[in-house]
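Have the coordinates open while you read.

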Amino acid sequence: MRRLALILIVGLVALWPTPSSGQAPEKQRQFVWGLNSFNGVDFSTGFAPRSVDTIYVLADQESAIDPKRTDVYFWPITNEYRGDFGTVNEIVPGTLEIVRDGRVVATEPLSDYLLQFDRAREWAGGKIFFRDQARAQRQAFEDERASYVRRMHEYSDAMDRFNDDLEAIRKRADAGEKIDRMPDVPFQPADFTLFSTDLLQGFRIKLGAGEYRIRVRSEDGQIVPDSQKRLVAIAPRRQGIGYKVVPAEKWTAPEQANDPAAVLYTVPSGTVYLKPYATAEYNALEYARLQNPQDLQATANRWTWVQIAPISDVTLSLRGGGAERRAALDGFSVVQIPGPALGYAVVPFERRPGDPPPGSRAERSPDLVAFKVDAPPGGGLETRLLDGQGREIAGSARTVIATPARGDWQFALPVLAPVLLGLTAVLWRREQLQSIRSLPPEKRQLVA
Amino acid sequence: MQAIALEPAATASAPGRWRARLHAIGVIQRRDLNGILFGPGLYLATALGMVCALIVVRDDLDAIARNRVLVLSDAFTLPFFVASSVGMIFLALVAVATVAREKDAGTLETLFYGPVDHASYLLAKHLAQVAGFAVMSLMTAALLLSYAGLSGLRLGWEFVPELIMSLLAAAGVAALGLLLSTLTRSARGALILFFAVAALFLLVHFGGELLSAAPVTNNFSPLLFARELFLTLDGVVGYVSPFGVFEKGVDAVVRGSVGEYLGMALLALVQSALLLTAAVRLLERRGVRR
């Protein structure tokens with residue numbers, strides 16, 4: 001009994017919750033680099049704490065890095081350091097020094113900047129603005145937002161009027177009056193798609209490809225501790241025009257043809273849709289670390305293609321069978337085929353009379369904007385993109401080949417050729433040796 | 001064995017010595033090449049390589065029929081790479097066995113009583129093996145051409161520089177085989193050594209590839225250290241191993257990188273020269289006796 005009580009007491013002491021079990025992560029105030037790095041498509045936001053020794057940016061593209069002080073803690077669930085910017089988010093004043101081969105090649109003062117994104121315009125991936133332009137863009141954003149609010153008010157008023165008219169018509173109809181015309185339904189204005197950050201402070205970075213070192217020199221002339229980092233401006237290994245290749249039968253499972261040497265194989269008379277993009281090929285590790293400096297998934301022995309932006313205002317030249325034709329980018333809709341088969345068909349996009357007007361929230365748009373390419377029954381087509389002046393766009397040429405169906409036995413036959421050849425050679429050699437051996441010694445001597 | 005008249009080193013003039021050496025090289029090379037061409041190994045290795053290539057080609061055609069679309073940078077690069085690698089392994093086995101077997105049988109010692117020196121002997125062997133590989137490559141090329149005609153898959157101009165790169169890499173593989181052959185006293189020992197080296201190269205390369213593809217969840221994987229280790233080793237092996245140089249050269253062709261291709265071609269030549277020189281030095285030091 002006494003032993004049982006002792007065990008219970010020991011167990012209780014061992015399991016008793018103490019302040020250490022369930023502790024909040026230990027925070028440490030550090031100098032960190034806040035990152036708003038352009039990755040070719042959009043802006044990657046992150047930070048580089050003390051544990052990160054290298055920051056990657058795209059060569060010849062504008063990015064911003066912010067010298068900050070914050071509380072850093074290790075988050076064991078994702079095995080990475082995080083910054084408590086909600087509590088401490090101080091800008092460290094100073095001047096950025098960019099060093100290459102041991103000498104300062106550029107200095108950069110702290111400046112205001114902001115990021116804006118607008119999926120309805122051409123900057124779905126975002127744009128960065130510095131200094132005066134940043135302030136002007138911020139003002140433009142506020143003006144547009146105010147304008148949108150005004151449009152929404154007008155829409156709300158129009159809806160009220162519409163409802164009142166509808167009510168009046170209902171009453172007139174109830175009174176036996178004949179109603180000739182119904183009021184037009186007001187369309188809701190298009191969404192306000194522009195997003196803008198507040199004015200931020202950081203250093204503008206735009207560097208040629210290569211390796212640099214960066215540091216912050218404070219106002220008293222000292223280098224800010226922990227501000228020194230290796231900075232690598234990465235350039236693509238290859239770039240050109242890539243395509244998203246959508247087979248007509250599998251429009252939800254597109255393939256990528258980014259490599260300029262890529263050939264597109266399809267079945268005879270098959271249909272594919274090609275959507276062109278500007279593409280660039282980066283080292284996988286560098287590109288992943290550009291987006292997240294603490295990434296450990298990517299490795300340096302791999303390369304990754306990035307589809308930067310879709311291309312419009314181009315035509316596709318298709319050459320095959322001695323003829324050339326040109327195709328324009330067309331819009332297509334994917335329509336469900338009624339019936340139990342649950343299939344779908346890709347059909348040209350058409351506006352219907354009752355569609356909501358352009359610019360309204362419910363405006364219809366194509367499901368796919370691409371070039372339609374019909375493969376020939378056999379052989380291939382040479383395709384290339386042409387710009388507005390009819391010139392070929394470098395890196396856009398591809399070949400589309402329809403592969404015929406063949407029986408397996410036809411492929412197995414060539415494998416037998418070396419076997420038969422070898423058998424012939426060995427047998428011939430054996431016969432030669434046997435015929436020499438059958439000679440009398442003096443003739444064998446002569447042959448030797 | 002044909003008698004070779006080589007003047008004594010002290011009295012012969014330099015052009016005379018080289019003429020005799022070239023003659024010795026020619027005779028030994030012809031003898032070895034005949035041995036390779038009239039044996040079954042070369043043809044079986046070619047057929048085996050073609051079977052591997054066939055699997056890759058058939059797989060591609062199957063993917064096109066099922067998926068309706070397949071995007072390939074160069075449909076015959078992988079089949080050719082696989083078939084050539086099989087050929088190179090055959091070549092390496094021939095090279096590994098050759099010196100050790102002749103030494104083991106005592107024929108090497110007999111040969112060196114005649115006017116043959118270490119360099120001309122090994123160079124002749126090397127040339128015979130590279131010539132044997134060239135025959136294999138030509139057969140492989142002809143068969144891949146027939147596949148291109150049958151399947152409709154494109155066999156582009158890239159095939160020519162790939163073929164040249166395979167010959168240069170094969171020269172490195174043959175030189176490596178000869179070096180390993182001179183390292184050991186028996187053919188069996190040489191083969192074991194070759195397989196150990198080849199297994200090490202393959203382990204490092206494919207280990208690195210496999211670990212690169214391993215998922216890292218939440219920035220953690222118990223294999224992170226192993227991955228970094230293998231990738232570092234693979235970075236070295238990629239330049240040391242003739243197979244690695246072949247792969248890099250073929251990759252450069254696919255990407256259209258002329259500079260990198262020429263660099264790899266040069267590296268393959270340097271590898272061959274270094275390995276052959278090392279083999280000659282080793283044979284000189286170890287002697288030709290059993």
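The points below go from ground rules to chain B, its helices, the cores, the rings and the interface.

1. Ground rules. This is a predicted model, so local features need pLDDT of at least 70 and side-chain atom pairs count only at pLDDT 80 or more, while totals for chains, interfaces and linings use all residues. Residues are numbered from 1 along each chain as its sequence is written, chains are lettered from A and ligands numbered from 1 in the order in which they are written, and side-chain values use heavy atoms, with hydrogens and water left out.

2. Chain B overall. Its secondary structure comes to 10 helices and one strand (DSSP runs numbered from the N terminus: H or I of at least four residues for helices, E of at least two for strands). From the N terminus the order is α-α-β-α-α-α-α-α-α-α-α. The C-alpha atoms fill a box of roughly 70 × 45 × 35 Å along the principal axes. Of the 290 residues in chain B, 55% are buried (under 20% relative accessible area; exposed is over 50%, partly exposed in between; 1.4 Å probe, protein chains only). Among contacts in chain B (heavy atoms within 4.5 Å) with a separation of 6 or more, 79% join residues 24 or more positions apart.

3. Two helices to check by length. The expected span is 1.5 Å times one less than the number of residues. For α2 of chain B (residues 41–67, 27 residues) that gives 39 Å, and the end C-alpha atoms are 39 Å apart, which agrees. B:Arg68 follows α2(B) and has a positive phi, near 75 degrees.

4. Cores. In the largest nonpolar core, with 92 residues, B:Tyr121 and B:Tyr147 touch the most other members. (A core is a set of buried Ala, Val, Leu, Ile, Met, Phe, Trp, Tyr and Cys joined through side-chain atoms within 4.5 Å.) Leaving out residues up to four places away in sequence, B:Tyr147 touches residues of chain A and chain B, including A:Phe411, A:Pro414, B:Met50 and B:Phe76. A second, separate core has 23 residues, among them A:Tyr243, A:Ile311 and B:Val71.

5. Rings. There are 20 aromatic pairs over all chains (Phe, Tyr and six-membered Trp ring centres within 6.5 Å; planes under 30 degrees apart are stacked, over 60 edge-to-face, the rest tilted). A:Phe31 and A:Trp33 sit 5.2 Å centre to centre with planes at 85 degrees, so they are edge-to-face. A:Phe31 is buried at 2% relative accessible area, and A:Trp33 at 0%. B:Phe112 and B:Tyr121 are also edge-to-face, at 5.6 Å and 70 degrees, and both are buried.

6. Charges over rings. The charged end of A:Arg237 lies over the ring of A:Trp303, 3.9 Å from its centre (NZ of Lys or CZ of Arg within 6 Å of the centre and within 35 degrees of the ring normal). A:Arg100 does likewise over A:Tyr212, at 4.7 Å.

7. Interface. Here 50 residues of chain B are in contact with 49 of chain A. The two chains bury about 4200 Å² between them, 59% of it on carbon and sulfur atoms (accessible area lost on being put together, 1.4 Å probe, summed over both). On the chain B side, B:Phe38, B:Arg68 and B:Asn219 lose the most area, together 17% of what that side buries.
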